[in-house]
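The sequence and structure are shown first.

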Amino acid sequence: KDALYAEAEAVYRKYFAERMRLALAGGGSSASPVLAEVATGPFLADEVAFSKAQAEQGIELKGDAALVWLRRNPGVSKAGSVVSMISCTDGRGLLAYREGNLLGPGNMTRDVMYFTRAAGGSLQIWGADGIEVSTCDS
C-alpha cells in the first residue's frame, strides 16, 4: 500500500504542476500530453472543459496557488478506484483578470481524489469530489 500511495502522490503532484502551468498560460482547447498522462475519465473531461472555458472567456490568471497538504485516504473508493488521496490547496494568491479588470482571487479547496489503473498500468486520477473551505488546518 505504501508504494501505491507514493505513486498516487507523484501523479497528483505532476497533475497539480500541470494544471497551474495551463491555467497561467490562459487555458486551452484540449488536454496537454501531461494532463492526458495523469488524468482520465470524467476528471480529465472536467479539466479540459475548465481549461477551454478559461480560454474562451479570456480569463488571465496571475500569481500562484499552493498545495498545502496531500494525505492518504484509506478505505475510500469510488467506481472501482484503487486508491484515494485528499488534498487541500490554497489558491488565494491566484488573481483572475478579464480584459485587464480584476475579477477576484482564487479560493481554498479540499479535494478527495480517486485514482485508477490505466490499461497500460499507469496510475491516473479518475475522479474528484471538491469543496471550498475557509482553512486547510485539518
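How many of the 8 residues of strand E3 (residues 83–90) are buried? The strand is mostly covered, with 8 of 8 residues buried, where buried means under 20% relative accessible area with a 1.4 Å probe and protein chains only. The model is predicted, so local features need pLDDT of at least 70 and side-chain atom pairs count only at pLDDT 80 or more, while totals for chains, interfaces and linings use all residues. Residues are numbered from 1 along each chain as its sequence is written, and side-chain values use heavy atoms, with hydrogens and water left out.

**Strands**

Strands (E, at least two residues) and helices (H or I, at least four) are DSSP runs numbered from the N terminus. In a regular strand the side chains alternate between the two faces of the sheet. From E3, Val83, Met85, Ser87 and Thr89 point one way, whereas Ser84, Ile86, Cys88 and Asp90 point the other way. Strand E6 (108–117) is also mostly covered, 8 of its 10 residues being buried.

The table lists strand pairings, two strands being paired if DSSP finds at least two bridges between them.

| Strands | Sense | Bridges |
|---|---|---|
| E2 (residues 66–72) and E3 | antiparallel | 6 bridges |
| E3 and E6 | antiparallel | 8 bridges |
| E6 and E7 (residues 123–133) | antiparallel | 10 bridges |

Trp69 stands opposite Cys88 of E3. Tyr114 stands opposite Gly127 in E7. The hairpin of E6 and E7 has 5 residues between the strands, and Gly121 there takes a positive phi near 105°.

**The largest pocket**

Rolling a probe the size of a water molecule over the atoms shows where empty space is left. On a 1 Å grid over the protein atoms alone, a pocket is an open set of points with protein on both sides within 12 Å along at least five of seven lines, a cavity is a set where a 1.4 Å probe fits but cannot get out, and lining residues have an atom within 4 Å of a point. A volume is the space filled by probe spheres set on the points.

The largest pocket holds about 570 Å³ of space. Its lining has 25 residues, and Arg19, Phe50, Thr89, Asn107 and Thr109 lie nearest the centre. Helices H1 (2–24) and H3 (41–56) each supply at least two lining residues, as do strands E4 (94–98), E5 (101–105) and E6. H1 gives the most, with 6 residues. By class, the lining of this pocket comprises 15 nonpolar, 6 polar and 4 charged residues.

**The cavity and Gln54**

The search of the whole structure finds 1 cavity of 30 Å³ or more. The largest cavity has a volume of about 80 Å³. Among the residues that line this cavity are Arg19, Phe50 and Gln54. H3 provides the largest share of the cavity lining, 4 residues.

Gln54 is found in helix H3 and is buried, with a relative accessible area of 6%. A polar atom of the Gln54 side chain lies 2.7 Å from the backbone oxygen of Ala23. Beyond residues up to four places away in sequence, Gln54 touches Leu22, Ala23, Gly26, Gly27, Ile59 and Leu61, contact meaning heavy atoms within 4.5 Å.

Technical notes:
Nonpolar A, V, L, I, M, F, W, Y, C, P; charged D, E, K, R; others polar. Buried < 20%, exposed > 50% of the residue type's maximum accessible area, 1.4 Å probe, protein only. Polar contact = N/O pair within 3.5 Å; in protein donor to acceptor, adjacent residues only side chain to side chain.
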